Amino acid sequence: MKFIPQLGIIPFNFDVLASYLTNYKSPRQKIIELEKQGTIIRLKRGLYVVSPSISNRELSIELIANHLYGPSYVSMESALRFYGLIPERVFNTASMTLKRSKTFQNQFGRFDFISCPSDYYSIGISQLIQKDYAFLIASPEKALCDQIVYTPKLQLRSVKSLQTYLEEDIRFDMDEFYKMDVSVFEKCLVVSRKKTEITNIIKLLRK
């Protein structure tokens with residue numbers, strides 16, 4: 001099984017793994033054995049990743065999220081925490097998707113995928129390139145926009161209520177907030193719901 005560590009930390013599907021196991025009478029049974037041994041970890045049906053104990057590398061939750069359900073990009077509190085813009089630990093990984101909303105649960109936690117329209121989806125996506133892999137994540141501006149637009153029952157109808165939400169509810173790094181690119185919010189304003197809230201973000205940035 002020398003090939004397994006070479007798969008690195010990028011998730012792979014059943015067919016990729018089976019292609020390495022053609023010498024076995026039942027590649028499917030061998031894959032079940034590898035999973036039971038803890039050599040590979042199942043992320044969902046037909047999707048796996050090499051165990052960190054075998055690859056000797058830390059897994060990327062953001063990369064896993066991208067592969068679990070796509071097209072998608074990591075966003076909302078998950079992205080804000082990734083950038084260090086909010087201090088609280090996030091216990092689920094939130095992503096935006098062009099598909100219908102869906103949730104997955106595996107040993108790495110809960111992954112929530114929230115559906116949004118294509119004209120809104122395409123704004124403010126960043127591809128972060130690491131050593132030998134890349135993943136899609138919202139820019140800080142888009143992550144904040146997604147957080148406010150797609151958090152159920154969140155209404156910030158005034159600039160003051162928005163400021164309170166940022167400073168007290170999610171404890172946003174306000175020094176970084178005032179450095180944000182207003183053009184991303186302006187693009188979101190044209191195509192998204194919660195226009196009042198996005199307008200208030202723009203007003204607060206321009207204060």
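This is a guided tour of the model, stop by stop, with what to select at each one.

The model is predicted, so local features are taken only at pLDDT of at least 70 and side-chain atom pairs only at pLDDT 80 or more, while totals for chains, interfaces and linings use all residues. Residues are numbered from 1 along each chain as its sequence is written, and side-chain values use heavy atoms, with hydrogens and water left out.

**Stop 1: helix H8**

Select residues 140-150, helix H8. Helices here are DSSP runs of H or I with at least four residues, strands are runs of E with at least two, and both are numbered from the N terminus. Ten of the eleven residues of H8 are buried, so the helix is largely enclosed by the rest of the structure. Buried means under 20% relative accessible area, exposed over 50%, and partly exposed in between, with a 1.4 Å probe and protein chains only. The buried residues of H8 include Glu-141, Lys-142 and Asp-146 as well as Leu-144, Ile-148 and Val-149.

**Stop 2**

In soluble globular proteins, nonpolar side chains tend to be buried together.

Which residues is Leu-166 in contact with, leaving aside its neighbours within four places in sequence? They are Leu-144, Arg-171, Phe-172, Met-174, Phe-177 and Leu-204. Contact means heavy atoms within 4.5 Å.

**Stop 3: helix H11 and its cover**

Select residues 182-191, helix H11, where Val-184, Phe-185 and Cys-188 are buried. Seen down the axis of H11, its buried residues fall within an arc of 95°, so they line one face of the helix. The arc is that of the directions from the helix axis to the C-beta atoms. On the other side of H11, Lys-187 and Val-190 are exposed. Now show what covers the buried residues of H11, which includes helix H7 (118-121), H8 and helix H12 (195-205).

Within H12, pick Glu-197. Glu-197 counts as buried, at 2% relative accessibility. Not counting residues up to four places away in sequence, Glu-197 touches Ile-148, Leu-154, Gln-155, Leu-156 and Arg-157.

**Stop 4**

Select Ile-61, Val-90, Phe-91, Asn-92 and Thr-93, the closest to the centre of the largest pocket among its 14 lining residues. This pocket has a volume of about 320 Å³. On a 1 Å grid over the protein atoms alone, a pocket is an open set of points with protein on both sides within 12 Å along at least five of seven lines, and lining residues have an atom within 4 Å of a point. Grid points are joined across faces, edges and corners, and a volume is the space filled by probe spheres set on the points.

Helix H5 (61-68), helix H6 (76-82), strand S5 (92-97) and strand S7 (109-115) each supply at least two residues of the lining. H6 provides the largest share, three residues.

For the second largest pocket, with a volume of about 200 Å³, select Met-76, Asn-92, Ala-94, Asp-112 and Ile-114, the closest to its centre of 16 lining residues. H6, S5, strand S6 (102-106), S7 and H8 each supply at least two residues of this lining.

**Stop 4: backbone details**

Stay on Met-76, which lies in H6. Its phi is near 55°, a positive value in a residue other than glycine. Met-76 counts as buried, at 8% relative accessibility.

Asn-56, in the loop between helix H4 (52-55) and H5, also has a positive phi, near 60°. Asn-56 counts as exposed, at 68% relative accessibility.

Next, go to Pro-71, in the loop between H5 and strand S4 (72-74). The peptide bond from Gly-70 to Pro-71 is cis, with omega near 5°. Most residues other than glycine have a negative phi, and most peptide bonds are trans.

**Stop 5: Lys-25**

Finish at Lys-25, in the loop between helix H2 (14-19) and helix H3 (27-37). Lys-25 is exposed, with a relative accessible area of 88%. From Lys-25 to Phe-111, the C-alpha to C-alpha distance is 35 Å, and the two are 86 residues apart in sequence.

How values were computed:
1 Å grid on protein atoms, 1.4 Å probe; cavity = no way out; pocket = protein on both sides within 12 Å on 5 of 7 lines; lining within 4 Å.
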